[in-house]
Amino acid sequence: MERTLMGETMIRRTGSISRKTNETSVSVSVDLDGTGAAKISTGVGFFDHMLDQLSRHSLIDMEIDVKGDLHIDDHHTVEDTGIAIGQAISKALGDRRGITRYASIDLAMDETMTKAAIDVSGRPFLVWNVAFTAPKVGTFDTELVREFFQALAQNAGITLHILNHYGANNHHIAETCFKAVARVLRTAVEIDPRQASRVPSTKGTLV
């Protein structure tokens, strides 16, 4: 599909990745210019819920199908999904020409507030300042939230800072991380109409 910006027809930014190892089989497709439509199946219910939030609030369409070694634990499924989503986003971004690049938000959910800041820079880095007070939300290991964002940042080529200011409910803490990242990702990958044909860097490249 195509989109129009300031009278110019532009190619819709999509990316697909298939990744198969002895631990997981992952298929991911993303459309950066979507509406937040999601079709997600990882076999991990809480993780599916978080990925649905990521898609919905970033307005990035996502189709994600994962078969993993859940008889061991959820780790490989979560990490490899993050890798594949990151690679698909990077592929969809191409040379990152015209993107807004930077964004930050303080996102509130009930008693919890979490900050996310992003630079879609081509330089992967994660700063993680989030503490959970319980090892699990339901059956999901809370430490895997960081593992997901580490894999996402490294493979999407983004600098990502996530800071939980406060919160009492671990479900809310996790969910605000995903929603906050979704919102900054949405803003940062949007085309800035004032520099639609330029790479937003004095170096002339973000890859």
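Reply: A salt bridge is counted here when a side-chain nitrogen of Lys or Arg lies within 4 Å of a carboxyl oxygen of Asp or Glu. The model is predicted, so local features require pLDDT of at least 70 and side-chain atom pairs count only at pLDDT 80 or more, while totals for chains, interfaces and linings use all residues. Residues are numbered from 1 along each chain as its sequence is written, and side-chain values use heavy atoms, with hydrogens and water left out.

The structure holds 12 salt bridges. One of them is formed by the side chains of Arg101 and Asp119, with an N to O distance of 2.6 Å. Arg101 lies in the loop between helix H2 (75–93) and strand E7 (102–109), whereas Asp119 belongs to strand E8 (residues 112–119), so this pair ties together parts that are 18 residues apart in sequence. Helices (H or I, at least four residues) and strands (E, at least two) are DSSP runs, numbered from the N terminus.

Arg101 and Asp119 are both buried; the term denotes under 20% relative accessible area, against over 50% for exposed and the range in between for partly exposed (1.4 Å probe, protein chains only). For Asp119 the relative accessibility is 10%, which is why this residue counts as buried.

Asp119 also forms a salt bridge with Arg123, where the closest N and O atoms are 3.8 Å apart. Arg123 has a relative accessible area of 43% and is therefore partly exposed.

A further salt bridge joins Arg186 and Glu190, whose closest N and O atoms are 3.9 Å apart. Arg186 is partly exposed because its relative accessibility is 24%, and Glu190, at 36%, likewise counts as partly exposed. Through shared partners, salt bridges join Arg101, Asp119 and Arg123 into one network.

Rings of Phe, Tyr and Trp (its six-membered ring) pair if their centres lie within 6.5 Å; planes under 30 degrees apart count as stacked, over 60 as edge-to-face and the rest as tilted. Phe148 counts as buried at 0% relative accessibility, and Phe149 is buried at 0% as well. Phe148 and Phe149 belong to one aromatic cluster together with Phe46, Phe47, Trp128, Phe140 and Phe178.
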